[in-house]
Amino acid sequence: MIKLIAFDLDGTLLNSKKEITPETLRVLELAASKGIEIVPVTGRFWEAMPANVKGLEFVNYAITLNGAEIFDVRNMKSLGRFEIPVMRAKMLSHVFDDLNVIYDFIADGHGFMKRELYEKLEDVMIAEWQVKIVRDNRTPIDDIYAELNTKKGIQKMQIYTLDKKLRERLLESLPVVFPRLLFTSSVPNNIEINDPTANKGVALRFIADMIHIPISETIAFGDGSNDMSMIREAGIGVAMSNAIDEIKNAADYVTLSCDEDGVAEGIKKFCGLE
């Protein structure tokens, strides 16, 4: 019996218009009414969550920043953080400064980006919605190293580039240069960087253990490489039909796409709901 449902947002719960469809909302509400824990899982930090997700009244916990923070929604507080050391974040920044990329970092639930890069967002984003999310949730700063010096730890860093070959090279080379970091991706123009202990699978087990739900009684939905850990960790891992091949191959089941109420279809199938 499934007692916890976890799902990624972009490309999974949300359709291509960034909406929760009426059918998906209906099924989530039905699941919650049966006492099933509903857990949004995202690479975003809590304040950057879309309003239609933050407004789900039945959500008690959220996994944010790819697992770098487990968030208590009811009490608006962090239950755990897993962070990149500041010195390592500085080393990464020096590498990124020599590349034709835009990058940012998240610390203490806030996003920061060099002002000169903040003004070039349109050059590296795949759509207007992505520009808006980043612009609305990053503070432009003049000296990124001075800002890093004020932090105790960094929850996440992110690179943006439309250069597909550069992105692929970086996904191969950065883990070799920085073996103590985790490099994943959620959309075709980004690379997301976390401490290795910060992943969606670890965070999923953290919440399940905390509320005394066996991991075998959880189900997780995802589409991108940053979802791999929870797809493998959950009792049932479900890939969207729009997911990358690696996720489909790792999943126990492939559901419909995010534009076809795939999350709702999977919940109905494995939770016995109609």
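The structure holds zero disulfides, a disulfide being a pair of cysteine sulfur atoms within 2.5 Å. Cys-258 is in no disulfide, and the nearest cysteine sulfur, that of Cys-271, is 20 Å away.

Cys-258 counts as buried because its relative accessibility is 10%. Cys-271 also counts as buried, at 17% relative accessibility. Buried means under 20% relative accessible area, exposed over 50%, and partly exposed in between (1.4 Å probe, protein chains only).

## Basis of the model

This is a predicted model: local features need pLDDT of at least 70, side-chain atom pairs count only at pLDDT 80 or more, and totals for chains, interfaces and linings use all residues. Residues are numbered from 1 along each chain as its sequence is written, and side-chain values use heavy atoms, with hydrogens and water left out.

## Nonpolar cores

The largest nonpolar core has 35 residues. Such a core is a set of buried Ala, Val, Leu, Ile, Met, Phe, Trp, Tyr and Cys residues joined through side-chain atoms within 4.5 Å. Phe-96, Phe-105, Met-157 and Ile-193 have the most contacts inside the largest core. A second, separate core has 32 residues, including Ile-5, Val-27, Ile-236 and Leu-273.

Contact means heavy atoms within 4.5 Å. Beyond its neighbours within four places in sequence, Phe-105 touches several residues, among them Phe-112, Ile-141, Leu-148 and Met-157.

## Thr-184

Thr-184 lies in strand β10, residues 182-184. Strands are DSSP runs (E, at least two residues), numbered from the N terminus. Thr-184 counts as buried because its relative accessibility is 10%. Leaving aside neighbours within four places in sequence, its contacts include Asn-66, Leu-171, Ile-191 and Ser-225.

Terms used:
Helices (H or I, at least four residues) and strands (E, at least two) are DSSP runs, numbered from the N terminus.
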